[in-house]
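My notes are below, in the order I took them.

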Amino acid sequence: ARDRAAGRPRRTRGGRFLDEVMSLTVVYILVAILLFGLLVLVHEFGHFLTAKLSGVQVNEFSLFMGPAIWKKQKGETLYSLRCIPIGGYCAMEGEDGDSDNPRAFSRAKVWKRLIILVAGSFMNLVAGLLIVTIYVASVYQAIPTRAVASVDSASVFAGQLQAGDSFYSIGGERVYTSGDVTMLLDRCEGGTADIVVLRGGEKVRLPNAQVERRDFGGEQLYGFTIDVQEKTLGGTLGFSWNSCVDFVRIVRLGLGDLFTGRAGLKDMSGPVGIVEQVTETANQQESAWEGLAVVLYYFSFIAINLGVMNLLPIPALDGGRIVGLLLTTLIERITRKKLNPKYEAWINGVGMVLLLLLIAVITFKDIFHLFT
């Protein structure tokens, strides 16, 4: 149906076409699940490695949750693979309570505990940067810039934007990549936005610019094109870095939309919904290689997303534990009394239960959407 709508000839006929699509779908799903597992493994390995280097005893290193389907004891650490493909953990001695073990997490120096807690998110951010760099280096023929190549006379921006203008900010948000231009304009579509461009090396402000898509050859577009530059090592690395910075900003905007009501539960997805969306988008590509490239790009964003979300000050997440550690250390130094670690363990336990309930609700919603 997509081929006919796009005016493309069908590549195969009858059942062969369906078999090809289904086989690719299975491949994309398997690759997505594998990448999910790798991202979790990378995150927990960050905790594991820094704990080992800091002399903290690691009791178990697990990929996924639930009952174990494989486990092996090596030295003091139990390595396990569990049956529910969500999350994973690095269980350290004394992590959720006090322990007499001199190598317990709770007895390590504060700076060592901070490094261990931050290490998981750091590894996800590094993984995201590495994945998006591989994607850009292998897929892009040229590097998109933030500069305007041409402006159609029918565009709402005609007379304001000029060829050579480089987008600096839109609606108060910095423009890091060419993709930001459309994304930020879409957030203001139907209204106005303050746009700042670089023109001749100077910032030029276009206040209260009307933002409106218009019909261009049957497509609703803004009526300008973005220039590209030759792909070089420096350009590839710079574009990849800016893409990761942009991913962090997208997470912030998404969280802001949730708090302001612009987005709701229906707009959230868990692993099931993400795999469905990735697979659907990959199947729309012209070739299996392009489909796999799309999967790779999605997971570069998910890696950054995991790194940022885990640093949020929410109980049970690494960010919540970091805040708890800093507050506990401050209170103990002021009062010169050691706080009972069970209180922090209870708070993190309640936070974990609430997070698991949220995951369950979102997963049920995603599964319901698959069948409807």
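**Ground rules.** I am working with a predicted model, where local features need pLDDT of at least 70, side-chain atom pairs count only at pLDDT 80 or more, and totals for chains, interfaces and linings use all residues. Residues are numbered from 1 along each chain as its sequence is written, and side-chain values use heavy atoms, with hydrogens and water left out.

**Cores.** I began with nonpolar cores, meaning sets of buried Ala, Val, Leu, Ile, Met, Phe, Trp, Tyr and Cys residues joined through side-chain atoms within 4.5 Å. For burial I used relative accessible area: under 20% is buried, over 50% exposed, and in between partly exposed (1.4 Å probe, protein chains only). The largest core has 19 residues, and those touching the most other members are Phe-157, Leu-161, Phe-167, Ile-170, Leu-185, Ile-195 and Phe-224. Two or more residues each come from β4 (166–170), α4 (178–188), β6 (192–199) and β7 (202–210); here helices (H or I, at least four residues) and strands (E, at least two) are DSSP runs numbered from the N terminus. The most come from α4, which gives four residues. I also found a second, separate core of 14 residues, with Tyr-28, Ile-131, Ile-274 and Ile-302 among them.

**Phe-157.** I listed its contacts (heavy atoms within 4.5 Å). Leaving aside neighbours within four places in sequence, Phe-157 is in contact with Val-151, Leu-185, Ile-195, Ala-209, Gln-210, Val-211, Tyr-222 and Phe-224.

I checked pairing, which requires DSSP to find at least two bridges between two strands. β6 and β7 run antiparallel and are joined by seven bridges. Arg-199 stands opposite Glu-202 in β7. Two residues lie between the strands, and Gly-200 in this hairpin has a positive phi near 65 degrees.

**Helix α5.** Its 28 residues reach 40 Å from first C-alpha to last, close to the 40 Å expected at 1.5 Å a residue; the expected span is 1.5 Å times one less than the number of residues. Its buried residues pack against α3 (110–139), β3 (142–151), β5 (173–174), α4, β10 (224–230) and α7 (288–309). Is Ser-240 buried or exposed? Ser-240 counts as buried because its relative accessibility is 0%. Beyond neighbours within four places in sequence, Ser-240 is in contact with Leu-129, Val-132, Thr-133 and Val-136. Gly-261 follows α5 with a positive phi, near 90 degrees.

**Helix α8.** Residues 318–335 make up this 18-residue helix, which reaches 25 Å, close to the expected 26 Å. Its buried residues include Asp-318, Arg-321 and Leu-325. Just after α8, Arg-336 takes a positive phi of about 60 degrees.

**Met-92.** This residue lies in strand β2 (residues 77–92) and is buried, at 6% relative accessibility. Met-92 and Ala-104 are twelve residues apart in sequence, with their C-alphas 7.2 Å apart.

**Cysteines.** How many disulfides does a search of the whole structure find? The search finds zero, taking a disulfide as a pair of cysteine sulfur atoms within 2.5 Å. For Cys-90, the closest cysteine sulfur is in Cys-83, 20 Å away, so it is too far for a bond. Cys-90 is buried at 6% relative accessibility, and Cys-244 is buried with a relative accessible area of 8%.
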